[in-house]
Each structure stands twice: as C-alpha cells, then as structure tokens.
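This report describes selected features of one protein structure. Please consult the sequence and the three-dimensional view below while reading.

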Amino acid sequence: MIEMIALPYSFNDLEPYISAKTLEYHYGKHYKNYVDTLNKLIKGTEYENMSLEEIVKAVYGKPDQQAIFNNAGQVLNHQLFWQMMKKGGGKPQGKILEKIEKQFGSYDNFRQQFKEAALTQFGSGWAWLVQDGDELKIVKTSNADTPVARGQKPLMVLDVWEHAYYLDYQNRRADFVDVFLDNLANWQ
Ligand code: MN
C-alpha cells in the first residue's frame, strides 16, 4: 500500500507561478489517481509490501508489468517534483553550485541545457538533473519513465506533462520552464 505524501506547501503558496487551481488538479486528481491505480494494481501481488523505489526497480523493463511501472513511476516522479519546488528558485548556492559549475562550466550553461531538455522532450515527460556515479547529467524521460529505475539519483526534476502547466501557460512550455528555474526550483 502506497500512501500519498502531503504537499510541503498550500495550494496557493506557489502563486503566481503555479495557480492554486493547477495544483489542486495536479495533486488532487492526477497524482491521487496514480496512487489509487497503483494500489489497485499491486494489491495481492508480490509488489504489495515493497517501497515505491523497490516497485519501480522490480518492474522496470518487464513488458507484462508496464501498467504497474507507469503508475509507480508517475507516483515517484511527482513526489520528487513536489519536494523540489518552493517559492524562490534561481541560482543555487554551496555544494550543489560547485558541482554544477564543475560539470557544466557555469550555472548559465546548466540552465540552458536543462531548459533545452525540457523543451525537446516530445510529448509528455520529465526533465532531470541527476547524479550518475561521480557525474552530474541532464536527462529527459518520456511518460512515466524515471532515472531512479536505472540507479541515477535525482537532484532536480520538472514535470513537462501538459497537465503541469496548461491551465496557467496553455501551450507556452518555455515560459513554464523559465518560471520553474527562476522562481520555483528548490535546491535545498
Ligand atoms: Mn504531473
């Protein structure tokens, strides 16, 4: 049984960047539906008592478990996304900034490459900064796919499914990506 996590803010705390209406639908409908569907799918199976991360890794690459992967991946990705937002954003400080500068040359280079990944993810998916061994990498994943399944550690993630931004930004994904990076990314 997988429980929903509480949002670390109220529905209106991220306004004007993300509206309360968007968060109410995103958390209360989309995310809740993934949790409810996952729990139905794993009930009475070998996955029932596993953690979310264990489920994702156990069903990754198994075509007959695609529905479980899709819902578990979406639950995991959203839970990371909720925690990686708070009002603030912009250039990080400290150790994470040092690592970004070492890997990408500068925060501006990182920002440009992360934005490019978010914009070129065709259709629904996610843009990520991950740690892979000693390296930082920017990756994009489609639909419910998650780098956690491949042992990469997420450091930042952005949901670029249309449901994440359509009510506030319509088709302007680039504006949403800018706002996320400059006003919402929670590097703490
Ligand atoms: Mn979403």
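## The largest pocket

In this predicted model, the lining of the largest pocket is made up of 4 nonpolar, 5 polar and 3 charged residues. The lining consists of Gln83, Met84, Gln93, Lys95, Ile96, Lys99, Gln131, Lys153, Leu155, Asn186, Trp187 and Gln188. The space within the largest pocket amounts to about 260 Å³.

Two elements, α4 and β3, each provide at least two residues of this lining. The largest share belongs to α4, with 3 residues.

## Helix α5 and its buried face

Helix α5 covers residues 107-120 and so comprises 14 residues. From its first C-alpha to its last it reaches 20 Å, close to the 20 Å expected at 1.5 Å a residue. Its buried residues are Tyr107, Phe110, Arg111, Phe114, Lys115, Ala117 and Ala118. Viewed down the axis of α5, these buried residues fall within an arc of 160°, and therefore line one face of the helix.

## Arg111 within α5

Arg111 belongs to helix α5. Its relative accessibility is 16%, and Arg111 therefore counts as buried, the cut-off being under 20%. Leaving aside residues up to four places away in sequence, Arg111 touches Asp178, Leu181 and Asp182.

## Helix α3

Helix α3 (residues 66-83) has 18 residues, which should span 26 Å at 1.5 Å a residue. The end C-alpha atoms of α3 are 26 Å apart, in agreement with that expectation. Helix α3 is mostly covered, with 14 of its 18 residues buried.

## Val35 in helix α1

Val35 is located in helix α1. With a relative accessible area of 2%, Val35 is buried. When residues up to four places away in sequence are not counted, Val35 touches Ile2, Glu3, Met4 and Val75.

Val35 may also be set against Gln121 as a reference point. The two residues are 86 residues apart in sequence, and their C-alpha atoms are 24 Å apart in space.

## Backbone features

The peptide bond from Glu15 to Pro16 is cis, with omega near 5°. Pro16 lies in the segment before α1 (20-42).

Asn143 has a phi near 50°, a positive value in a residue other than glycine. Asn143 is situated in the loop between β2 and β3, and its relative accessibility of 43% classes Asn143 as partly exposed. Gln170, which is not a glycine, has a positive phi of about 50°. Gln170 occupies the loop between α6 (166-169) and α7, and is partly exposed, with a relative accessible area of 33%.

Conventions:
Residues are numbered from 1 along each chain as its sequence is written. This is a predicted model: local features need pLDDT of at least 70, side-chain atom pairs count only at pLDDT 80 or more; totals for chains, interfaces and linings use all residues. Side-chain values use heavy atoms; hydrogens and water are left out. Helices (H or I, at least four residues) and strands (E, at least two) are DSSP runs, numbered from the N terminus. The expected span of a helix is 1.5 Å times one less than its number of residues. Buried means under 20% relative accessible area, exposed over 50%, partly exposed in between (1.4 Å probe, protein chains only). The arc is that of the directions from the helix axis to the C-beta atoms. On a 1 Å grid over the protein atoms alone, a cavity is a set of points where a 1.4 Å probe fits but cannot get out, and a pocket is an open set with protein on both sides within 12 Å along at least five of seven lines; lining residues have an atom within 4 Å of a point. Grid points are joined across faces, edges and corners, and a volume is the space filled by probe spheres set on the points. Ala, Val, Leu, Ile, Met, Phe, Trp, Tyr, Cys and Pro count as nonpolar, Asp, Glu, Lys and Arg as charged, and the others, Gly among them, as polar. Contact means heavy atoms within 4.5 Å.
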